[in-house]
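I'll jot down what I look up as I go.

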Amino acid sequence: MDYKIPLFDLNFDEKEEQAVLETIQSKWISTGPKSLAFESKFAEMLHAKHAISLANCTVALHLAMKLLDINEGDEVICPSLTFVATCNAIRYVKATPVFADVVSTSDLTIDPKDIERKITSKTKAIIVMHFGGFACNMDEIMALSRKHNLKVIEDACHAPLSEYKGKKLGTIGDLGCYSFFSNKNISTGEGGMLITNNESYYERAKLLRSHGMTSMSYERAKGHSTTYDVVDNGFNYRMDDIRASIGLVQLDKIQDDLNKRAENRKSYLNSLKNIKGITIPFEKRSDFSSNYIFTFVLDNSTYEKRDKIRELLSQEGIQTSVHYPAVHRFSIYEDYATPLEITEYIADNLITLPMYSKLEKSQIEFIAQTLEDILQAN
Ligand SMILES: *Cc1c(COP(=O)(O)O)cnc(C)c1O
């Protein structure tokens with residue numbers, strides 16, 4: 001179906017097309033100068049020491065597990081209200097995911113108190129996810145990590161340039177993971193980045209990204225080395241220069257894009273403020289946010305009611321989504337499932353509305369009015 005207002009729209013124009021064309025014409029299309037430039041620009045924008053471009057964020061999360069030496073028998077505490085890739089990474093290394101609940105319907109990030117309750121002698125790390133570009137309570141999470149000697153991985157897929165008390169998300173824990181999948185704030189089709197301030201994680205991540213080889217073909221082509229050794233059991237997790245050249249253009253646009261999204265969020269808050277029976281998460285937050293998605297939660301509702309409202313919005317041409325179905329309720333997580341009251345309520349009663357920089361104020365007002373009418377009749 002063609003929606004009048006889609007959930008997301010790419011912020012692409014002829015600049016991305018030109019960049020791809022130039023890369024193709026340069027004849028260097030695999031990992032090379034564009035990937036290196038994309039990495040340094042990304043690291044600089046995030047005030048991170050190092051950035052490693054990757055094929056996607058799922059492999060960034062896998063590398064994070066490897067770099068932190070997480071293995072079978074180790075426990076990793078993670079949210080369930082996230083995209084499944086966050087938790088899948090834990091199982092790639094045969095470690096055990098331990099799900100923690102989120103704070104509340106107005107704060108959809110992992111709850112430090114529930115993290116603390118779930119720490120055991122086997123706990124090795126915490127993965128946090130900055131929902132929609134809004135930070136987890138990093139002061140409390142980093143305090144727990146120091147107290148219990150745990151590593152912290154930030155799944156910052158929703159959060160490029162988002163901040164927590166002046167720090168960029170992804171730079172507070174040990175490792176930050178980013179995605180440039182099509183519908184993210186920065187789109188390259190597929191793509192990801194691992195960021196860190198730790199020199200040895202950086203060096204090993206570069207090895208693991210490329211088969212454990214001590215040099216890449218680009219370096220050999222440039223005459224920086226003639227041969228290579230293989231010193232680690234690595235993967236091919238590289239990004240190519242075609243995608244990196246799109247990424248570079250996207251980085252030029254990101255600040256304007258996010259400013260426009262921030263305005264859109266304001267318009268939403270303004271247009272929805274008199275609607276009864278809904279909670280808007282993170283309503284009072286003031287740190288800079290990427291506003292990856294705009295969500296609301298129905299009060300005193302059920303998933304049947306939520307699905308009906310989504311269906312009625314869809315009939316009016318408004319595309320919606322749900323972020324997220326709870327991971328601990330998926331079939332393959334049956335063995336790790338534990339009751340998570342707030343996460344389950346949110347997974348059943350949350351609706352994601354359209355959010356992207358080209359969205360217009362009049363469209364937001366139309367969405368709000370349509371939603372109000374639907375809620376009054378149901
Ligand atoms: C998109 C996303 C991922 C996965 O990223 P890919 O680049 O598609 O592998 C992981 N975690 C979260 C929170 C995401 O939104």
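**Entry 1, a salt bridge.** I started with D13 and K253, whose side chains meet in a salt bridge with 3.4 Å from N to O. I then searched the whole structure, and 18 salt bridges came up. A reminder to myself: this is a predicted model, so each value here is computed from it.

**Entry 2, around the ligand.** Next I asked which residues are closest to the ligand. The shell has 16 residues, and the closest are C57, T58, D155, S179 and K184. I sorted the shell by type and got 7 nonpolar, 7 polar and 2 charged residues. Then I checked which helices take part: α3 (57–67) and α4 (85–92) each supply at least two residues of the shell.

I went through some side chains one by one. D155 has a polar side-chain atom 2.8 Å from a nitrogen atom of the ligand. For S179, I found an N or O atom of the side chain 2.7 Å from an oxygen atom of the ligand. H158 also places a polar side-chain atom by the ligand, 3.2 Å from an oxygen atom. How much of the ligand does the protein bury? Taken alone, the ligand exposes 380 Å², and the protein buries 94% of that. I looked up the pockets too, and the space taken by the ligand is the largest pocket.

I kept a general rule in mind here: most residues other than glycine have a negative phi, and most peptide bonds are trans. H47 is not a glycine, yet I read a positive phi of about 55 degrees for it. I traced H47 to the loop between α2 (33–45) and β1 (50–54). I also noted a cis peptide bond joining H323 and Y324, with omega about 10 degrees. Y324 turned up in the loop between α10 (303–315) and α11 (341–349).

Technical notes:
Residues are numbered from 1 along each chain as its sequence is written. This is a predicted model: local features need pLDDT of at least 70, side-chain atom pairs count only at pLDDT 80 or more; totals for chains, interfaces and linings use all residues. Side-chain values use heavy atoms; hydrogens and water are left out. A residue is near a molecule or strand if one of its heavy atoms lies within 4 Å of it. A polar contact is a pair of N or O atoms within 3.5 Å; within protein, one must be able to donate a hydrogen and the other to accept it, and residues adjacent in sequence count only if both atoms are side-chain atoms. Accessible areas come from the Shrake-Rupley method with a 1.4 Å probe; for residues, only the protein chains shown count as cover. On a 1 Å grid over the protein atoms alone, a cavity is a set of points where a 1.4 Å probe fits but cannot get out, and a pocket is an open set with protein on both sides within 12 Å along at least five of seven lines; lining residues have an atom within 4 Å of a point. A molecule sits in a cavity or pocket if more than half of its atoms lie within 2 Å of its grid points. Helices (H or I, at least four residues) and strands (E, at least two) are DSSP runs, numbered from the N terminus. Ala, Val, Leu, Ile, Met, Phe, Trp, Tyr, Cys and Pro count as nonpolar, Asp, Glu, Lys and Arg as charged, and the others, Gly among them, as polar. A salt bridge is a side-chain nitrogen of Lys or Arg within 4 Å of a carboxyl oxygen of Asp or Glu.
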